[in-house]
Amino acid sequence: MFETLDSKIPVKETRVLAEDEIIDISITRVKESPQIPNGVKYSFNYRVKSESSGWETAIRVDNAHVVKGHKRRDHKHLFDNQPVEFEFISLKHIYEKILNLIEQNRGLIDEIKRH
């Protein structure tokens, strides 16, 4: 999906990883600027369904807004922690990193689902 940006943007979809795990993806082409030098505004939102409170965001990666105190718009939120900057490489790279984070944190994710 993320190989050729020009033919795929805009993207607005939900990928179902399991009945209780999804990734909402939103990608829009915007004018290149110092704030968004790659010309792509994006958001990846990995959510899990907990037994008691429904769908909860576990991992979010985006450049949709400015984060106070950070130089870059590109940032990630992991399990409700403070935003962490990162360097944008590609949309495919972000998606692969999210899948890796899911596998690395499987125990914590399963615990979120049980609550």
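How much accessible surface does the protein chain have, and what share of it belongs to carbon and sulfur atoms? The accessible surface comes to about 7,100 Å², and 48% of it belongs to carbon and sulfur atoms. Accessible areas come from the Shrake-Rupley method with a 1.4 Å probe; for residues, only the protein chains shown count as cover.

This is a predicted model: local features need pLDDT of at least 70, side-chain atom pairs count only at pLDDT 80 or more, and totals for chains, interfaces and linings use all residues. Residues are numbered from 1 along each chain as its sequence is written, and side-chain values use heavy atoms, with hydrogens and water left out.

**Overall fold**

The protein chain holds three helices and six strands. Helices (H or I, at least four residues) and strands (E, at least two) are DSSP runs, numbered from the N terminus. Their order from the N terminus is α-β-β-β-β-β-β-α-α. Along the principal axes, the C-alpha atoms fill a box of roughly 45 × 35 × 20 Å. The radius of gyration, taken over C-alpha atoms, is 15 Å. A compact globule of 115 residues would have a value near 13 Å, which agrees. That globule rule is 2.2 Å times the number of residues to the power 0.38.

Of the 115 residues, 35% are buried. Buried means under 20% relative accessible area, exposed over 50%, and partly exposed in between (1.4 Å probe, protein chains only). Contact means heavy atoms within 4.5 Å. Among contacts between residues at least 6 apart in sequence, 38% join residues at least 24 apart.

Strands β1 and β2 run antiparallel, joined by seven bridges. Two strands pair if DSSP finds at least two bridges between them. A hairpin of two residues connects β1 to β2. K12 stands opposite S26 in β2.

**The nonpolar core**

Nonpolar side chains tend to be buried together in soluble globular proteins. A nonpolar core here is a set of buried Ala, Val, Leu, Ile, Met, Phe, Trp, Tyr and Cys residues joined through side-chain atoms within 4.5 Å. The largest one has 24 residues; I27, Y42, F44, Y46, I59 and I98 touch the most other members. β2, β3 (40-50), β4 (54-62), α2 (91-104) and α3 each supply at least two residues of this core. α2 gives the most, with six residues. Leaving aside neighbours within four places in sequence, I59 is in contact with F44, N45, Y46, H77, L78, F79, I98, L101 and I102.

**Salt bridges**

Side chains of opposite charge can pair when their charged atoms come close. A salt bridge is a side-chain nitrogen of Lys or Arg within 4 Å of a carboxyl oxygen of Asp or Glu. The whole structure has nine salt bridges. Among them are these:

| Pair | N to O distance |
|---|---|
| E13 and R15 | 2.8 Å |
| K113 and D20 | 3.2 Å |
| E103 and R106 | 3.6 Å |

K113 and D20 link distant parts of the chain, 93 residues apart. K113 lies in helix α3 (residues 106-114), and D20 in the loop between β1 (11-18) and β2 (21-29). K113 counts as buried because its relative accessibility is 13%. D20, at 21%, is partly exposed.

E13 is partly exposed at 29% relative accessibility. R15 is also partly exposed, at 22%. E103 counts as exposed at 54%, while R106 is partly exposed at 23%. Salt bridges that share partners join D20, E21, E103, R106, D110 and K113 into one network.
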